[in-house]
Amino acid sequence: MASNEDGFANALNIVCDLVEEEILKTRSIRKKRKRSKRKAPSTSDEWHAVSNGFDRKWNFPKCCGALDGKHIRIQCPPCSNSNYFNYKGYFSTILFALVDANYKFMYVDIGKNGRVNDASIFRNCSLKKGIENGTIGFPRGSILVGDDAFPLSAYLLKPYSHHGLLTAAEIIFNYRLSRARRVVENAFGILVSRFRIFTRPIDLIPEKVDEIVKAACSLHNWLRETSPTTYFPFGCVDHEDLETGETIPGTWRNEISELESMQPSSSRNYTKNAASIRNAYKKYFMGPGAVEWQWKQLNRKK
């Protein structure tokens with residue numbers, strides 16, 4: 001019978017092999033592409049499967065993913081001047097990701113320098129282009145959710161601004177959007193708490209950092225599928241007490257410092273169509289799409 005030490009060694013060897021395989025894949029891909037990317041779903045059926053997950057788990061219909069970007073700390077790259085120096089005062093590269101309802105990375109864009117903001121990366125990424133030109137099967141009428149760093153659009157919803165007094169309906173909308181968007185924040189948190197290389201500046205050239213980040217995202221997805229109870233034990237991510245309306249922080253928040261969010265966009269321009277879509281969701285959440293525990297949020301705001 002194999003000892004515990006043998007079992008651990010075998011598991012470690014498997015993980016090392018997987019990391020090496022992912023890095024080799026990424027190196028071959030990088031010969032064709034400037035930045036490392038993981039492709040998003042490419043058919044309507046795949047997007048609908050994602051949307052069903054958000055509707056079932058987070059009560060947010062027609063949502064096809066949660067977007068966010070985070071800074072990965074790095075040492076100052078050679079001859080980079082201030083290109084990677086971010087608004088928080090350190091050197092970084094960006095991990096920009098779309099996450100599904102089960103905390104898995106569906107799309108990642110890695111390697112943009114730390115000076116840019118979420119809105120800028122999204123504006124130039126292949127995901128946005130694929131949605132707008134219809135090449136990835138993104139269903140008409142579906143949306144993504146993001147935080148206030150993103151521009152509001154017909155397919156990307158963000159919260160109502162917290163500047164000024166919000167109406168009850170706007171408070172409820174922001175709460176419901178936050179529930180759906182929280183998956184991406186927690187996915188980043190679990191990634192860093194499990195792969196501790198991200199808790200300190202990575203002393204490698206940006207190209208190698210990109211390879212490590214993509215390998216870690218792939219391993220995160222694999223472990224989420226194959227070892228859900230050990231990699232993702234109960235309580236590791238944020239969850240709600242539906243009796244009180246309180247959000248209970250995931251245990252990862254006690255283990256690490258959260259990755260820094262990207263610089264907010266200064267743009268507040270959006271179309272009437274984008275505003276009408278957000279208002280339609282607001283109305284739905286106050287009517288047929290209401291959930292019984294959401295009203296506790298109004299008491300918490302008083």
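Which residues in H5 meet which residues in H9? In this predicted model, Ala168, Ala169, Glu170, Ile172, Phe173 and Arg176 in H5 meet Arg278, Tyr281, Lys282, Phe285 and Met286 in H9. The residues of this contact of H5 with H9 divide into seven nonpolar and four charged, with no polar ones. Helix H5 covers residues 168–194 and helix H9 covers residues 272–286, and their axes, which come within 9 Å, cross at roughly 95°. Because angles of 65 to 115 degrees count as roughly perpendicular, H5 and H9 are therefore described as roughly perpendicular to each other.

Helix H5 also takes part in a crossing with helix H2, which spans residues 44–58, and here the two axes come within 10 Å and cross at roughly 115°. The crossing in which H2 passes H5 is right-handed. On the side of H2 the contact is made by Phe54, Lys57 and Trp58, and on the side of H5 by Arg179, Ala180 and Val183. Four nonpolar and two charged residues, but no polar ones, make up this contact of H2 with H5.

Turning to the strands, S2, formed by residues 63–73, is mostly covered, with 10 of its 11 residues buried. Strand S2 is joined by eight bridges to strand S3 (residues 92–99), the two running antiparallel, and within this pairing histidine 71 stands opposite isoleucine 94 in S3. With strand S5 (residues 143–145), by contrast, S2 pairs in the parallel sense over two bridges, and cysteine 63 stands opposite isoleucine 143 in S5.

Notes: Residues are numbered from 1 along each chain as its sequence is written. This is a predicted model: local features need pLDDT of at least 70, side-chain atom pairs count only at pLDDT 80 or more; totals for chains, interfaces and linings use all residues. Side-chain values use heavy atoms; hydrogens and water are left out. Axes are lines fitted to C-alpha atoms, for helices over the stretch in contact, and angles run from 0 to 180 degrees between N-to-C directions. Helices (H or I, at least four residues) and strands (E, at least two) are DSSP runs, numbered from the N terminus. Angles under 35 degrees count as roughly parallel, over 145 as roughly antiparallel, 65 to 115 as roughly perpendicular and the rest as oblique. Contact means heavy atoms within 4.5 Å. Ala, Val, Leu, Ile, Met, Phe, Trp, Tyr, Cys and Pro count as nonpolar, Asp, Glu, Lys and Arg as charged, and the others, Gly among them, as polar. A crossing is left-handed if the near helix is turned anticlockwise from the far one by less than a right angle, and right-handed if clockwise. Buried means under 20% relative accessible area, exposed over 50%, partly exposed in between (1.4 Å probe, protein chains only). Two strands pair if DSSP finds at least two bridges between them.
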